[in-house]
Amino acid sequence: MHEDTYDVAALRAHFPQLADGTAYFDGPGGTQTPDVVADAVRDALLAPLSNRGALTQAARNADALTVAAREAMGDLLGVGPDQVAFGRSATELTFQLARTLSQSWAPGDEVVVTRLDHDANIRPWVLAAEAVGAVVRWVPFDPATGELDPADVAAALGPRTRLVAVTGASNLIGTMPDLPAVAAAAHTAGALVHVDAVHLAAHSPVDLAATGADSLVCSPYKFLGPHCGVLTATPDLLESLRPDKLLPSSDAVPERFELGTLPYELLAGTTAAVDLLASLAPAGPGGADRRERLRTAMHLVEQHEDRLRARIEQGLLDLGLTVRSRAARRTPTLLATSDQRPAADLAVALADAGVNAPAGHFYALEASRWLGLGDDGGLRVGVAPYTDDGDVDRLLDALADALR
Ligand SMILES: Cc1ncc(COP(=O)(O)O)c(C=O)c1O
């Protein structure tokens, strides 16, 4: 018997969606939402709420929700609250950042993107580069091992490189590139580094400074929170950038990066999600602060998920599937294909058996093609903090049935 790293059953009790026995392996697309997050969203909306301000209770509530969410995400990402900007989604925030950064790019400048990335960390940069006549350099990964070699990033750098966009973890095959090595090479060349941490932040502790990145995005709905996006960056970068803004809107950091009125109820939900994650770690005798607890909690999540991932991986291999997730450091996200049945068929059979594990390229289109899987991709099995051994049993039994 194994020891759970945290009380998984207690965590599962927060998710009414799990009550009917459905096994959710589609977390990389978005996790299920716990009751505390839904309650926080509801409570925010049913309390007095208006635009941020100090005059009325409604205005003060909006302000307090915003301040609290910046602190919560700051704790999760190892940055100060003033380094946290919210937006509609990571995709939107990346498009905005690309538009802003590219204001200073010139024809002949270079931008580096990777074949491993989700399109949300490719197309915004490619389009921004094209708009100013900058050159796009593509970094490959090894389809056999799933590894992205920092030396290949270094080889794509030159004196005109302005930016390197790299994923913190692949949402298709889980690969976690060596971000500090990538960032060190990019910085030596004088380039900025932007990290897509949407998949990473759901599975590992993240610390902006430790990654070496200048900017990073993630999405709370991938880690038990509501559907919004988060951008963080170094204070220097945030201060130096001038995003398009409305004339009367705030020019302060981080507000200058936020277009229009914030979704206060989603910010409330984001804070609740971060607090729930932090609660997975013991409070400790001295009452560890939330940042410390989050770091511990995400390590515990990593251990729990990795144990289940190993079980699933062995089960998939035993069933004769080909597992494409092979990098030495990776998230518990397994992409598998079968010689017997198309992945899309397997996903249908699983869904019929109450097991949610979809098939496709999941917008990591370049990666799917680079793996030789074309636009079909594969069956993606993702582990979430609420996944348990019973879910894994259901998955493997249903797959065995589908392949019989
Ligand atoms: C790795 C990765 N990057 C970016 C995104 C896009 O995130 P959002 O939906 O917040 O735009 C996703 C969503 O699946 C993702 O998995």
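**Group meeting: ligand shell, strands and a helix pair**

By class, the residues in the shell around the ligand are four nonpolar, nine polar and one charged. That shell holds 14 residues, and the closest are S89, A90, T91, N171 and S219. Before I go on, please note that this is a predicted model.

Next, strand β2, residues 84–87. Which way do its residues point? V84 and F86 point one way, while A85 and G87 point the other way. In a regular strand, side chains alternate between the two faces of the sheet. Are these β2 residues buried or exposed? All of them, V84, A85, F86 and G87, are buried.

β2 has a partner, strand β8, residues 229–233; the two pair in the antiparallel sense, over four bridges.

Four of them form an open sheet, with antiparallel pairing, in the order β9-β10-β13-β12. Which are the edge strands? They are β9, at 322–323, and β12, at 359–360, and each pairs on one side only. Elsewhere in that order, β10 (residues 333–337) and β13 (residues 378–382) run antiparallel and are joined by four bridges. Here the pair to find is T333 of β10 with its bridge partner in β13, G382.

Last, the helices. Helix α12, residues 343–352, packs with helix α14, residues 389–403, at an angle of about 125 degrees, and their axes are 9 Å apart. That angle makes α12 oblique to α14. The crossing of α12 past α14 is right-handed.

Terms used: Residues are numbered from 1 along each chain as its sequence is written. This is a predicted model: local features need pLDDT of at least 70, side-chain atom pairs count only at pLDDT 80 or more; totals for chains, interfaces and linings use all residues. A residue is near a molecule or strand if its C-beta atom, placed from the backbone, lies within 6 Å of it. Ala, Val, Leu, Ile, Met, Phe, Trp, Tyr, Cys and Pro count as nonpolar, Asp, Glu, Lys and Arg as charged, and the others, Gly among them, as polar. A residue is buried if 20 or more other C-beta atoms lie within 10 Å of its own, exposed if 12 or fewer, and partly exposed in between; C-beta atoms are placed from the backbone. Two strands pair if DSSP finds at least two bridges between them. Axes are lines fitted to C-alpha atoms, for helices over the stretch in contact, and angles run from 0 to 180 degrees between N-to-C directions. Angles under 35 degrees count as roughly parallel, over 145 as roughly antiparallel, 65 to 115 as roughly perpendicular and the rest as oblique. A crossing is left-handed if the near helix is turned anticlockwise from the far one by less than a right angle, and right-handed if clockwise.
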